[in-house]
Amino acid sequence: MSDGVNGGEVSTGRVRTLGTPAVRTEALWKVYEHDGIRVEAVRDVSMTIQPGEFVVLAGPSGSGKTTLLNMLGGLTRPTDGGVWIDGTDISALSERELARLRLERLGFVFQAYNLLPVLTALENAEFTLLLRDVPADERREKVEKLFERIGMSGLEDRRPGKLSGGQQQRVAVARAVVGQPALVLADEPTANLDTATSSALIDLMAELNRDLGTTFVFATHDTRLLERARRVIRLVDGSIVGDDRRD
Amino acid sequence: MSTRRRIRLRLALRNLRRQKRRSVLSGSAMVLAMALLVFSRAIAEGGHEDWIDAGVRMGGGHVSVQAPDYRTRRTLEYRLSPEVRAAVQDALRSDEISRRLVASAPRLIVQGLASSSQAALPAAIMAVDPELETHFSALQDKLMDGRWLEPDDRLHAYVGYRLANRLKLREGSRFVLTAQDANGDISGQMVRVAGTFRSGIPDMDEGFIQIPLATAQEWLGVPGAVTTEALLLRGSRDVGPVRRELGRALAGWSDEAEVLGWRESMPELDAAVRMDDWADYVFHLVLFVIAATAIVNTILMSVMYRTREFGVLRALGLERGEVGRVVFIEGMILTAISGLVGMALGAAIVWGFFRNGLDFSALWDMEMEAAGVVIDPVIVPRFRWNQIVQSLFFILAIGSLSSIYPAWRATRIDVAEAMKFEE
């Protein structure tokens, strides 16, 4: 089904550009077959997300949120249909090109934080900039500014093991946004956090979305995040069953 | 170094440090294997060198000069004339040879018969210059009764103890040596037992006699001639250069003289040393497998354990091959460090505890013989540069081979699946 939003349309007042959508999918399918059993994880999903949107993919467990998010991030290849990120058809990209696209245009925030345990908080946050060959001074400046903003100043040299869950997730958010990607994909980012920490993290991401114009797409069933989203795409059994905007 | 290379190296190094206990445990298997390798190589090298040394002292030296075909015919027809011997002596004075030379000894060897009033038995008769032979052969140290030959001796013989027993000879007994002379006639020479020896080599103890060179030359009608000019060198490594230099110097005498290395003049010893080498290779292969298994196991465990981490690296933009390279570098670093530590440990053990020799006399008979050589139960370990180079190559080979599979496994990780992986 289609969400009725076409690329190029104005979606919210905070959307940065009206040109190329941040995300577009067309008739997207993901089918798994195991021992003769066919599971349609994502079914015929077509949607468009404009730059600057703060979107939640909502739905019960097994509704296909994470699979859809993984396909948007190029982590899983679709069985059928197409995904365009910032105008690029990623279904046609090679492994190497996909890796480059993830590095330059995407940011990821995972449920389990997934910081690299051998790097410090600062090194984790600047990791994608390092891969992009950004000069050291520029890297440090960007990360330090961001750390100040997310309340992580003074904790730069700590390894993930020495940070609380909330602090680790802040670093993960910093890592995702520091390179100013076209899109940040976050899979259940608040699932492992307590209420207060979750709220603070949601505030932080909303702030970054507002101030930096970073596009966020979440897969979650956290009601607090659903309340803060300006657009909620509801999934059931792999299909989109609703697309609510709250401008 | 490019940024990405630096990142891969940093991740690999830090991960090894992070998994300190695991790194140390698997590294210690490598350390042990390498230490054992260095130790066994040094012992094998020292043992071989001692073995070769004992063999060449009893036999024809590291390098020998003989008449062509003497090796197969063993008759006086094939002997070195005084002129050829003079050319050999000239060549020995060259710098290339003299700095490698320990001793040289002329020898006249014939097959003959030793007869006493009790029996007549076949014997190998080696005529030697007692003065020069003192620096060369170890046979005089194997004395049982009487004495060895002296420079002024004329009609004296140094006899294997079993041969002496069978001929019922004692110190001072007279007996007759019979052999074919230079004219092909059978000729006899009466000699007196100066002493008897026990070499530990049955063939020698049962059928070997030494007499003075001058006596044999006169008896067999070959004044100034010998069958072999034997050269004892500092070690078996010197054989090649000396052989080449001597070959060049004697190029004008090629019809009358050929230069042989110990491997050619003593093929049984050569075969035995080679066989022993193979046994060493098999032992080293076992060490290789032990070390490689430890490394593969560690790195593979680490890859399994870090599935999610590799998934994250891929999600963040590292390519498949780069993730594999991180794992490969880890394996190489672990192998290189533990390999070098193992080499140093092995060398320290050898040098610290066994530099004066490792005594195996409790394990084997004092007269253990192999390939016609009595092996000294005290083996002095030896290091060679090629050993170190080979060991380094060995380390790198273990490192690369045992890291390839885990690295490949790391490249095959499905990113989306990896995110579900519970650490």
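Reader: Why are H1(B) and H14(B) called oblique to each other?

Author: In this predicted model, the axes of helix H1 (residues 3-18) of chain B and helix H14 (residues 320-354) of chain B cross at roughly 50° and come within 9 Å. Angles under 35 degrees count as roughly parallel, over 145 as roughly antiparallel, 65 to 115 as roughly perpendicular and the rest as oblique, and H1(B) and H14(B) are therefore oblique. Residues are numbered from 1 along each chain as its sequence is written, and chains are lettered from A in the order in which they are written. Local features need pLDDT of at least 70, side-chain atom pairs count only at pLDDT 80 or more, and totals for chains, interfaces and linings use all residues.

Reader: Which residues of H1(B) and H14(B) meet?

Author: Taking contact to be C-beta atoms, placed from the backbone, within 7 Å, the residues of H1(B) that meet H14(B) include B:Leu9, B:Leu13 and B:Leu16, while those of H14(B) include B:Val326, B:Ile329 and B:Ile333. By class, this contact of H1(B) with H14(B) has 9 nonpolar, 1 polar and 5 charged residues.

Reader: What makes B:Leu80 count as buried or exposed?

Author: A residue is buried if 20 or more other C-beta atoms lie within 10 Å of its own, exposed if 12 or fewer, and partly exposed in between; B:Leu80 has 26 C-beta neighbours inside 10 Å and therefore counts as buried. B:Leu80 is placed in the loop between helix H3 (70-73) and helix H4 (82-92) of chain B. Leaving aside neighbours within four places in sequence, the contacts of B:Leu80 include B:Val65, B:Ala225 and B:Ala257.

Terms used
Axes are lines fitted to C-alpha atoms, for helices over the stretch in contact, and angles run from 0 to 180 degrees between N-to-C directions. Helices (H or I, at least four residues) and strands (E, at least two) are DSSP runs, numbered from the N terminus. Two residues are in contact if their C-beta atoms, placed from the backbone, lie within 7 Å. Ala, Val, Leu, Ile, Met, Phe, Trp, Tyr, Cys and Pro count as nonpolar, Asp, Glu, Lys and Arg as charged, and the others, Gly among them, as polar.
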